[in-house]
Amino acid sequence: MSEAVNYSDMEPAEVRKLIREGKITCPTSGMCAGYAQANLVILPKDLAYDFLLFTQRNPKPCPILEVSDVGSRDLHYIADDVDLAKDFPKYRIYKKGELVGEYTDIEEFWQDDFVSFLIGCSFSFESALLEAGIPVRHIEENCNVPMFKTNIACTPAGIFKGNMVVSMRPIPNDQVVKSALITGEMPRVHGAPIQIGNPEAIGISDVMKPDFGDSVTINEGEVPVFWPCGVTPQNVVMNVKPDIVITHAPGHMLITDVKNVELKY
């Protein structure tokens with residue numbers, strides 16, 4: 001399979017079609033440059049209100065882009081011609097809080113009471129960083145962004161509670177302020193960093209050993225910068241242990257028809 005970066009000039013509908021056909025199963029970072037990507041959480045309807053409240057109380061790690069109708073695999077706003085059971089390169093299914101498998105197609109598991117939450121993704125602000133001349137290391141190294149569990153408690157809602165997950169990008173010292181300003185303009189895709197240069201302060205003991213994704217090189221003169229991450233709901237799900245929850249596999253997003261610039265402010 002070709003690396004994600006090779007799809008940077010393609011249109012979202014083209015890439016979604018390739019994903020639906022099983023021809024792309026790799027992480028989506030760098031694909032369809034300029035278009036927003038989305039995380040996924042699918043829950044039964046009886047848990048949907050509590051989760052919606054959780055996202056409202058925790059907008060930095062869980063910025064909602066769209067919520068589906070009950071039982072629907074379509075969307076109304078952020079993308080046309082979408083099948084939520086097939087258009088993510090890889091899904092994860094959790095039962096009672098345990099990961100039971102990863103799949104490229106979840107049609108056989110679909111339930112009529114499912115509600116899908118599409119959550120903003122930090123991949124969306126990477127185009128703006130690149131345009132400003134700020135390096136994005138996991139794209140350079142053709143791997144997944146490193147993600148870490150933290151000691152930052154989210155605000156509970158109903159049955160949902162747990163700690164934030166963050167993504168990390170090494171940023172040159174002289175571009176840290178610029179990166180914070182650029183990403184701060186995009187709160188619907190996590191916004192500004194939540195921590196800069198002191199991973200221990202948020203409970204990360206080793207920046208070379210991520211909990212999700214891949215390790216990346218941190219060069220001399222660079223500082224690790226941490227952003228709220230849409231994998232946070234997966235961390236929360238592990239604590240809550242509902243009967244079934246389906247999410248994207250970390251780094252394997254839905255590519256939407258929405259331009260990143262439309263998500264500013």
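Start by selecting Glu-140: in this predicted model the residue is partly exposed, with a relative accessible area of 48%.

Keep your salt-bridge display on for the next stop. The count for this structure comes to 14 salt bridges. Select Arg-73 and Glu-107, whose side chains form one at 3.4 Å, N to O. This pair links distant parts of the chain, 34 residues apart: Arg-73 is in the loop between E2 and E3, while Glu-107 is in the loop between strand E4 (98–103) and strand E5 (114–120). Colour by accessibility and Glu-107 comes out as partly exposed, at 40%.

Next, pick Asp-105 and Lys-86. Their closest N and O atoms are 2.6 Å apart, in another salt bridge. Asp-105 lies in the loop between E4 and E5 and Lys-86 in the loop between E2 and E3, so this pair ties together parts that are 19 residues apart in sequence. Is Lys-86 buried or exposed? Lys-86 is buried, with a relative accessible area of 17%, and the cut-off for that label is under 20%. Asp-105, at 25%, counts as partly exposed.

Now show Arg-73, Asp-83, Lys-86, Asp-105 and Glu-107 together: these residues are linked in a network of salt bridges.

Stay with the loop between strand E2 (64–67) and strand E3 (91–95), and select Ser-68, which is found there. Ser-68 is buried, with a relative accessible area of 8%. Which residues does Ser-68 contact, leaving aside its neighbours within four places in sequence? Show Asp-74, Leu-75, Leu-84, Val-115 and Ser-116, and you have the set.

For the last stop, switch to a cavity view. A search of the whole structure finds one cavity of 30 Å³ or more, and the volume of the largest cavity is about 50 Å³. To see what lines this cavity, select Asn-39, Cys-121, Ser-122, Phe-123, Val-145, Met-147, Ser-167, His-190, Cys-229, Gly-230 and Met-253.

Notes. Residues numbered from 1 in each chain as written. Predicted model: local features only at pLDDT ≥ 70, side-chain atom pairs only at ≥ 80, totals over all residues. Heavy atoms only, no water. Helix = DSSP H or I, 4+ residues; strand = E, 2+ residues; numbered from the N terminus. Buried < 20%, exposed > 50% of the residue type's maximum accessible area, 1.4 Å probe, protein only. Contact = heavy atoms within 4.5 Å. 1 Å grid on protein atoms, 1.4 Å probe; cavity = no way out; pocket = protein on both sides within 12 Å on 5 of 7 lines; lining within 4 Å. Points joined across faces, edges and corners; volume = space filled by probe spheres on them. Salt bridge = Lys/Arg side-chain N within 4 Å of Asp/Glu carboxyl O.
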